[in-house]
Amino acid sequence: MLIDSHVNLHHHAFAEDRGAVIARARAAAVERMITICDTISNFPDIIAIADAHDDIYASVGAHPHYAKDHADLTAARLIDLGRHAKVVGIGESGLDPHYNHSPFDAQLRVFRTHAEAARQLDKTLIIHTRQADEAMAQLLAEEAEKAPLRILMHCYTSGLELAQRALALGAYFSFSGILTFKSANDVRAIASAIPLDRVIVETDCPYLAPVPHRGQRCEPAHVAEVQAAFCRLRGLEPEQGSALLADNFFRLFPTIPRPIG
C-alpha cells in the first residue's frame, strides 16, 4: 500500500490532466491521498476534488506565505469549513520567513487561529515550518498547553531540537522526495532519528520530485520512490515499511477509512 499524505491537486500544474494524474497514482497502488488547502479562496476547488473521489481527502487552511491575505480569518470560519466530512486536517499553516511573503506577526496570528480550529474539531494540524525553529517550538508548546493537539510536521526539513520538542508533544513527521536528493544528508539524518511510529511520507506534488524524476513535475505516483527511500534509510523490508507507514497514517488521520482487502 502507498499513501500520499500531502498533494496539491488543485495546482495549475495539474489543470490539463488531473484525472490522468489521479489514475496514474491508483495504478501505482496509491490508495489514499490528502489534497491540501493553501488559501481559503481555493477551498471550494480543493473540496470538490475530494468529493469527486472516494480515495481523496482534504484539508482547509492558509499557507504562511498567504497569511497577509487572511487577516480576517477566524477559528470559527475554519471550523465551519472543517466540519465537512472529507476534511481531515487543518492547514497547512505555520511559519516561513524565507521569502518574507507575509509579515511574521501575521503568520503567528494565523497559525494560532488554525491551532484553535484543530483543537475544537479534533482534526490534525498540518504544519509548514522553515527557518523558524525556535519560534515554532515555542508556539507549539504554548498551543499544546491549552489542550492536546494532533500535530503533523509536514515535509520536515528543520532541525533536531525542534523535532525533539515536537515529538514530546506527540507530533508526527512527514518526509518527501527531498530524502532522495544528493545534498539532503541533514534531512536523512533527521528521518533516521524519528521514532518509527511517528513517520509518514508524502510528495508535496507538483513540487520536490524525487530521484529519478528530478526536474519533472512531481505526481502522487512518485510517493513510491519516497517510501522506498525511507525504507532503505531505516533498513525496512518493503512490505514491513508499507504496513508501518500505513498504520501511522491511519492513526494520525483516524476518520479516513482503511482500504478493504
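Helices here are DSSP runs of H or I with at least four residues, strands are runs of E with at least two, and both are numbered from the N terminus. The model is predicted, local features need pLDDT of at least 70, side-chain atom pairs count only at pLDDT 80 or more, and totals for chains, interfaces and linings use all residues. Residues are numbered from 1 along each chain as its sequence is written, and side-chain values use heavy atoms, with hydrogens and water left out.

Next, select M1, L2, I3, I200, V201, Q227, S242, L245, A246 and F249, which line the largest cavity. Besides α9, the elements giving two or more residues to this lining are β1 (2-7) and β8 (199-201). A cavity is a set of points on a 1 Å grid over the protein atoms alone where a 1.4 Å probe fits but cannot get out, and lining residues have an atom within 4 Å of a point. The volume of the largest cavity is about 60 Å³, taken as the space filled by probe spheres set on the points, which are joined across faces, edges and corners.

Now turn to the cysteines. The structure holds zero disulfides, a disulfide being a pair of cysteine sulfur atoms within 2.5 Å. C37 is buried, at a relative accessible area of 0%, where buried means under 20% with a 1.4 Å probe and protein chains only.

Definitions and conventions. Buried means under 20% relative accessible area, exposed over 50%, partly exposed in between (1.4 Å probe, protein chains only). On a 1 Å grid over the protein atoms alone, a cavity is a set of points where a 1.4 Å probe fits but cannot get out, and a pocket is an open set with protein on both sides within 12 Å along at least five of seven lines; lining residues have an atom within 4 Å of a point.
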